Amino acid sequence: MRHPTPLIARIAKAVVLGVWLLITVFPLYWILVTSLKPTAEIFAVPLRYLPGSATLEHYRELFSFSSFGGYLRNSLIVSLVSGAVVTAIGVLGGYVLARFHFPGRGALMLAYLVTQMIPLFIALGPLYLMMSDLGLLNQMSGLMLVYVAMLVPFSTIIMRGFYERVPVALEEAAMVDGCSRLTAMLRVVVPVMLPGIAATFIFGFVQCWNELFLAIAFIDSEETKTIPVAMNSFITQYDIDWGPMAAATVVSILPTLVLFSFARRYIVEGLTSGAVKG
Amino acid sequence: MTVVKEIGSRGRTAARAARPAFDGRRARFIALCLLPGVVFVIAFTYYPMIRGGVIAFQRYNLFDLTATPFVGLENFRAVLTDDQFWTALGNTGIWVVASLTGQLVLGFGLALLLRRHFRGRGLYQAWVFFPWAMSGFLIGLLWRWMFNGEFGVVNDLLIKAGLVDEPIGFLSSPGWAMTSIIVANIWYGVTFFAIMIIAALQSVPQELYEAADVDGASRIRQFVHVTLPAIRTTLVLIVLLRVIWILNFPDLIYSMTGGGPAGSTHIATTYLIEQVQNGDYGKAGAVGIFVLGLLLSFSVFYLNATRFEKARD
């Protein structure tokens, strides 16, 4: 029997948790408020913690005077496609790694793990040259190829973890009933794992949505810019137009906020089941 | 229950019996499933990384590719004689140690507070874990705005609290800039530690605590003698991963200070990226190899050190 927690300790705990919540949420609140303030109010001292008069002018500016709608679409396409491809690859590869022992299995796992440790930035220059050679600069497809490669190890390792929690008996029964290995996997095992698959997809989506340096390196045309590239070009050396920038920040956080709230539990489960990547 | 078991064991025998006949098919299945991933990783991760390693020994400037001769250790010499690189290297140490310590301590604290179920815990976690889903770039922007010297909310709050009289140039003064980016990084990373440590804590068998209770051990003694040893492996691993990850996390610095003022917030990776942006791939490759060497030697040293302790236990 554990001793019941004394009241004072419970209050202290609630206070600490409350303060931490405030610290976590406040920056998000602050950027939201900034995005809703008229420009004059953004740059007015003393600061106003509630917008005196909320306005959508910065959002309007973002979408009517820059092609932010287009960047948004590009980011969506790149992230959706890369996320889907990488999840499919993970579903296949993870299955094999979870269910079979074959020569080279350990080496492959190691090779995948190593990519999670080595900074991708070492490859930044050469990747630029490759994209240039392949004629894929300023192409969303080029970006997607590299994003998929970047995420394959993670999706495979995490899917392997999910498969290991599904009893082998499930597909063996299906195979006894005459299914082939592939149909047993696709029709019996995969449906059981849908939450894990969704989490892998969402993780991939969010990573691509957020990726900055490869996108900056490869994409320089208005037509194919993704959101981070566009936002990066809003930053000049000395000045940032904080109204539209705050609006852009809010817009670009929204999709991840929605997805993350759906998949948080599964992502946490997946992460803690032995996969690696901050 | 029994039915499942029966089917399971029957299935297993069937599979074992069938194995020799299906060997070729099995190998083909394995190969086909792995092929797409392996091809991607070799083509777009390993190949460019190796090429990056080779380029480190070449004169390789994007703006003059007419000749890319091998120049031995020329690039390494250029890097090692660049004061900026040494500043960046020193900063890397400060950046990693300070960020890691802050994230670990606060994350551990948060995990301990969230360990046991209470009403609204799920909702609380959803909010508190959220920064983790944001990009370092956006978080950098968020904090860049909050640390703004003139209109920043941090200054405003400090002045209101009577802690300072004049607004501080958090990101414009070299003395403050590093501290500011570390604060932002801690804010961001606490979540990751909290998630991993909560998961580890939940895997500690409850009986261990019950036994400790019977022995009359205090909470603090329980923490030191039950909790810590039980999650030791997880801690060792996540600290290592986190060191690697913080070292490879230039995004936040890039959008907060861009390495400035006057290079005072460069770490090795932002310095590397600057070389890439300058088109000097040779020098960038040399920095890359240097960082890699640093990481590898740290990992080996760290794993040895922690295993040594385990053996002594």
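Which residues of chain A does the UniProt annotation "transmembrane region" cover? I began there, and the unreviewed entry gives 12–32, 76–98, 110–131, 143–163, 184–206 and 242–263 of chain A. I kept in mind that UniProt positions are given in the numbering used here, that feature names are shortened, and that annotations may be inferred rather than shown by experiment.

Before going on I noted that this is a predicted model, in which local features need pLDDT of at least 70 and side-chain atom pairs count only at pLDDT 80 or more, while totals for chains, interfaces and linings use all residues. Residues are numbered from 1 along each chain as its sequence is written, chains are lettered from A and ligands numbered from 1 in the order in which they are written, and side-chain values use heavy atoms, with hydrogens and water left out.

**Chain A as a whole**

I looked up the secondary structure of chain A and found 13 helices and zero strands, where helices (H or I, at least four residues) and strands (E, at least two) are DSSP runs numbered from the N terminus. I then read the extent of the C-alpha trace of chain A, which spans about 75 × 70 × 35 Å along its principal axes.

For two of the annotated spans I checked the chain itself. Residues 76–98 of chain A are 100% helix and 0% strand, with end C-alpha atoms 31 Å apart, and residues 184–206 of chain A are 96% helix and 0% strand, with end C-alpha atoms 30 Å apart.

The domain assignment, whose bounds come from an automatic or database source, divides chain A into domain 1 (1–55) and domain 2 (61–273).

**Helices α7 and α10 of chain A**

Two packed helices are described by the angle between their axes and the distance between the axes. Axes here are lines fitted to C-alpha atoms, for helices over the stretch in contact, and angles run from 0 to 180 degrees between N-to-C directions. I saw that the axes of α7 (residues 140–163) and α10 (residues 194–210) of chain A come within 10 Å and cross at roughly 155°. The two helices are therefore roughly antiparallel to each other, a term for angles over 145 degrees. Among the residues in contact I noted A:Phe154 and A:Ile158 of α7(A), and A:Thr200 and A:Phe203 of α10(A). By class, this contact has nine nonpolar, five polar and no charged residues; Ala, Val, Leu, Ile, Met, Phe, Trp, Tyr, Cys and Pro count as nonpolar, Asp, Glu, Lys and Arg as charged, and the others, Gly among them, as polar.

I also looked at the loop between α6 (124–133) and α7 of chain A, where A:Asn138 is placed; phi of A:Asn138 is near 60°, a positive value in a residue other than glycine.

How far apart are the end C-alpha atoms of residues 284–303 of chain B? I read 28 Å, over a span that is 100% helix and 0% strand, and UniProt (unreviewed entry) lists 284–303 of chain B among its "transmembrane region" features.

In the loop between α11 (251–256) and α12 (268–277) of chain B I found B:Pro261, and the peptide bond from B:Gly260 to B:Pro261 is cis, with omega near -10°.

Lastly, I checked α1 (residues 7–36) of chain A against α4 (residues 121–128) of chain B, which pack at an angle of about 35° with their axes 9 Å apart. Residues including A:Trp20 and A:Leu21 in α1(A) meet B:Tyr124, B:Trp127 and B:Val128 in α4(B).

Definitions and conventions. Parallel < 35°, antiparallel > 145°, perpendicular 65-115°, else oblique. Contact = heavy atoms within 4.5 Å.
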